[in-house]
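Dear colleague,

Please find the structure below, followed by what was found in it.

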Amino acid sequence: MIQPDTKHFFDVIEHTWPAVASSALGPWTIRDGHGGGKRVSAATARTPARAEDLAAAEDAMRSLGEVPRFMIRPQEDALDALLARAGYTLVDPVNIYACPTAALTQGRPPRTTTFDIWEPMAIQLDIWQAGGIGPARIDVMRRAKEPKTALFGRIDGRSAATGFVAIHGDTAMVHALEVLPHHRQRGLGRHLMIHAAYWAADHAATELSVICTTANTAANALYTSLGLALVGHYHYREHPTGATAS
């Protein structure tokens, strides 16, 4: 159902931003995200699904306190059409970017600008909170297996940015990159991505990847300017009864 080269990145997402638990139900994988957002709560199809398979998945997701939601990956046009016919709304198209770590390890960020630290400091939690990344998503980071770290950025001696990066196989993936609004447009996002590449290379990862919604024009521009290639995409279909944060 999914092309092998694309599937690799979904395995990375699964392991570097993990749900509390997942289980098989008919053709579906059902995830328990404990409020950690769409990535850790969306169901996916393991095998082709039919309209009559939807009710069981919907009941399972509602029993976990979630709006019924499915992740639609490449080559899943039939599932996308099935959900559209059932009234599901398309939400949050996402781009996946990647490049060799070596492409970003040609020059380090300025000294005292970027750091990696685990566990995150209180100021990093505050920066994430200001960007809408609350305790449930911090719990996602804590669930991820090593190697992992939090990224920390400073400008003019002030705390200004944070992020999270973890490794699965040979690929590191950056999540939850957040720069405080009054410190944006000063290159700190770029410095943190380069720092992430150095950290990843130091931990034997040969590839750096990141995901962001297509609507996040600033992030897409940043990753493109760094030379990361668009290697995949996905979106969600959500039951019209309601939605939660992505």
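Phe164 counts as buried, since its relative accessibility is 0%, where buried means under 20% relative accessible area, exposed over 50% and partly exposed in between, with a 1.4 Å probe and protein chains only. Trp118, by contrast, is partly exposed at a relative accessible area of 27%.

Please keep in mind that this is a predicted model, in which local features need pLDDT of at least 70 and side-chain atom pairs count only at pLDDT 80 or more, whereas totals for chains, interfaces and linings use all residues. Residues are numbered from 1 along each chain as its sequence is written, and side-chain values use heavy atoms, with hydrogens and water left out.

Rings of Phe, Tyr and Trp (its six-membered ring) pair if their centres lie within 6.5 Å, and planes under 30 degrees apart count as stacked, over 60 as edge-to-face and the rest as tilted; by this rule there are 8 aromatic pairs. In one of them, the ring centres of Trp118 and Phe164 are 5.8 Å apart with planes at 55°, so this pair is tilted. The rings of Tyr234 and Tyr236, with centres 5.7 Å apart and planes at 90°, are therefore an edge-to-face pair. Both Tyr234 and Tyr236 are buried, and together with Phe10 they form one aromatic cluster.

As for the protein overall, buried residues make up 50% of its 246 residues. Of the contacts (heavy atoms within 4.5 Å) with a separation of 6 or more, 72% are between residues 24 or more positions apart.

Best wishes
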